[in-house]
Amino acid sequence: MRRLASLFFFVVFMPFTALAVELPRDYVRAQSGAFSQGGMVVLYLTNNTQVKLNGERLPQVDGRTVLGFGRDAKLAQQLEFQRKGKSQTVSLSLKKRSYNIQRIDGLPPAMVTPPEEAWPRIARGSKLKKAARAIASQDDGFTEGFVWPTKGRVTGVYGSQRFYNGEARRPHFGIDIAAPRGTPVMAPASGTVTLAEPDMYFEGGLVFIDHGLSVTSAYMHLDSLKVKVGQKVKRGDVIATVGSTGRSTGPHLDWRMFWRGARIDPALLARGQPD
Ligand SMILES: [Zn+2]
């Protein structure tokens with residue numbers, strides 16, 4: 001019986017424990033998040049600890065820091081801790097993800113390039129997005145834990161990619177949540193609104209929230225915006241409503257998360273949808 005119990009433990013729990021990354025307690029008091037492609041991790045550091053990720057020093061807010069990994073991040077990563085003249089390097093091996101890939105062949109070669117008259121508007125939009133995402137504030141909303149911004153059927157997932165006639169399209173970096181037009185969209189954690197544009201070419205109504213230390217969330221295809229740039233929001237505040245504006249085929253929220261240049265999988269950050 002004992003043997004059976006230990007076998008049970010091995011089979012049932014090992015796959016989970018194997019994914020946990022144990023960080024040295026001299027430097028890290030606690031941690032949350034996933035060391036995975038598309039994952040984001042918050043570290044609660046001991047006093048006077050400094051951290052570098054692959055040689056680059058990470059900024060902190062009150063002894064807390066955050067790091068993230070993109071869709072195709074290399075699996076081998078190095079975390080270096082320094083404190084009071086001592087240091088320790090931890091070699092991480094990220095969890096590898098497999099993404100939904102669709103190949104659609106035999107399509108007539110269609111022009112999907114936006115018309116020339118839309119180019120100035122697209123260029124203006126890219127500039128606004130880039131400037132908003134370059135903001136690295138000392139907000140600490142990223143430590144709160146994220147909740148789903150709205151409720152609905154998930155119709156698109158992070159990382160999926162289509163190939164048309166063998167040609168790769170851009171991977172999908174958001175999570176698509178289908179919901180009726182007008183459904184409230186809530187801030188998933190507190191932060192400051194850094195972008196609130198009602199009519200972007202691709203995204204339609206678009207809002208960005210900065211959650212501190214370069215963690216940004218984005219909400220696309222919004223019907224109406226309820227916030228302005230510079231406004232502070234708390235987790236659960238209504239920031240907008242679901243719509244189908246911009247390049248969209250039906251009412252849904254496309255929710256995206258960024259850490260610096262890395263695109264994070266929102267589904268890894270937020271637990272199940274609210275009831
Ligand atoms: Zn989408």
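This is a predicted model: local features need pLDDT of at least 70, side-chain atom pairs count only at pLDDT 80 or more; totals for chains, interfaces and linings use all residues.
Residues are numbered from 1 along each chain as its sequence is written, and side-chain values use heavy atoms, with hydrogens and water left out.

User: Which residues are the protein donors of the zinc ion?
Analyst: Donors are N, O and S atoms within 2.8 Å of the metal (3.2 Å for Na, K and Ca); water is not among the atoms, so sites may look incomplete. The donor atoms here lie 2.0 to 2.7 Å from the zinc ion.

User: Why is the arrangement of the 4 donor atoms around the zinc ion irregular?
Analyst: Four donors count as tetrahedral if all angles lie between 85 and 135 degrees; four count as square planar and six as octahedral if opposite donors are over 155 degrees apart and all others between 65 and 115; anything else is irregular. The arrangement is irregular because the 4 donor atoms subtend angles of 52 to 152 degrees.

User: How many residues apart are histidine 172 and aspartate 254?
Analyst: The donor residues follow the spacing H-x3-D-x77-D. Histidine 172 is in the loop between strand S11 (167-168) and strand S12 (175-178), and aspartate 254 is in strand S19 (residues 252-259). Strands (E, at least two residues) and helices (H or I, at least four) are DSSP runs, numbered from the N terminus. This pair links distant parts of the chain, 82 residues apart.

User: Is aspartate 254 buried or exposed?
Analyst: Buried means under 20% relative accessible area, exposed over 50%, and partly exposed in between (1.4 Å probe, protein chains only). The relative accessibility of aspartate 254 is 2%. Aspartate 254 is therefore buried.

User: Which residues of H2 are buried?
Analyst: Helix H2 spans residues 119-133. Its buried residues fall within an arc of 90 degrees seen down the axis, so they line one face; the arc is that of the directions from the helix axis to the C-beta atoms. The face turned away carries the exposed residues Pro120, Lys127 and Lys130. The buried residues are Ile122, Gly125 and Ala132.

User: Which residue stands opposite valine 28?
Analyst: S1 and strand S2 (residues 40-45) pair in the antiparallel sense over 5 bridges. Opposite valine 28 stands leucine 45.

Note on methods
Two strands pair if DSSP finds at least two bridges between them. The expected span of a helix is 1.5 Å times one less than its number of residues.
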